[in-house]
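Please take a moment with the sequence and the structure before I start.

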Amino acid sequence: ISNSGLTISPEKNEPVIIEDAEIQDKAGKKPEETEEVKMIKEENEKMKEENVKMKEENAKFKDQIEKLEVRAKTLDNEKTVFESRIKTLESTCENHQKTIEALQNDQIVANIKIQAEQSNNENLKSELKKAQEYIGNLDKEYKLSLIHI
């Protein structure tokens with residue numbers, strides 16, 4: 001309980017004389033700090049120091065975030081480039097596959113033509129052999145007919 005300069009201590013229940021801080025200030029005296037006030041001031045100083053440290057850490061984190069955002073944009077651009085390359089490569093692969101299929105079809109056609117030509121060649125060889133045999137027979141007949149003449 002306080003009343004301009006007179007306070008009753010609740011612990012001891014006795015009057016304690018305290019000069020008013022305003023009166024002391026006017027007289028050029030500073031009021032004596034109680035332990036509680038000292039502790040609050042120390043706590044306040046600690047909090048100010050922590051606040052400065054937190055602001056420094058916050059600035060570091062902001063810098064790191066900016067760097068990470070730049071890196072993320074770079075990676076996103078790289079991803080876009082690679083996706084484009086992938087599409088190009090896929091298209092190229094499809095074109096090569098179509099070319100391979102066309103060449104395989106050409107090869108099949110060529111093989112069929114080769115087989116036909118080989119078969120035709122075999123037929124021609126067979127006809128040639130028959131013709132040679134026929135000529136051989138004609139030659140024999142001719143020679144025999146010369147002998148009889």
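What we have here is a predicted model, in which local features need pLDDT of at least 70 and side-chain atom pairs count only at pLDDT 80 or more, while totals for chains, interfaces and linings use all residues. Residues are numbered from 1 along each chain as its sequence is written, and side-chain values use heavy atoms, with hydrogens and water left out.

Let me begin with the architecture. The protein has two helices and three strands, taken as DSSP runs numbered from the N terminus (H or I of at least four residues for helices, E of at least two for strands), and along the sequence they follow the pattern β-β-β-α-α. Of the 149 residues, 2% count as buried, where buried means under 20% relative accessible area, exposed means over 50%, and partly exposed lies in between, with a 1.4 Å probe and protein chains only. The accessible surface comes to about 14,400 Å², and 56% of that surface belongs to carbon and sulfur atoms; the areas come from the Shrake-Rupley method with a 1.4 Å probe, and for residues only the protein chains shown count as cover.

Now to the salt bridges. How many does the structure hold? There are four, a salt bridge being a side-chain nitrogen of Lys or Arg within 4 Å of a carboxyl oxygen of Asp or Glu.

One of them joins Glu45 to Lys48, with the closest N and O atoms 3.9 Å apart. These two residues are three apart in helix H2, and are therefore separated by about one helical turn; Glu45 is partly exposed at 43% relative accessible area, and Lys48 is partly exposed at 46%.

Further along, Glu83 pairs with Lys79, again with 3.9 Å between the closest N and O atoms, and both residues lie in helix H2, four residues apart, or about one turn. Glu83 is partly exposed at 38%, as is Lys79 at 47%.

Asp139 and Lys143 form another salt bridge, at 3.5 Å from N to O, and they too sit four residues apart in helix H2, about one turn of the helix. Asp139 is partly exposed, with a relative accessibility of 36%.

Finally, the surface patch. Glu35, Glu42, Glu43, Glu49 and Glu50 form a negative surface patch, and Glu49 is found in helix H2, which covers residues 35-148. Patches are made of residues with over 30% relative accessible area and no salt bridge, like charges being joined within 9 Å and nonpolar side chains (Val, Leu, Ile, Met, Phe, Trp, Tyr) within 5 Å. Asp and Glu count as negative and Lys and Arg as positive, with His and the chain ends not counted.

Technical notes. The place of a charge is taken as NZ of Lys, CZ of Arg, CG of Asp or CD of Glu.
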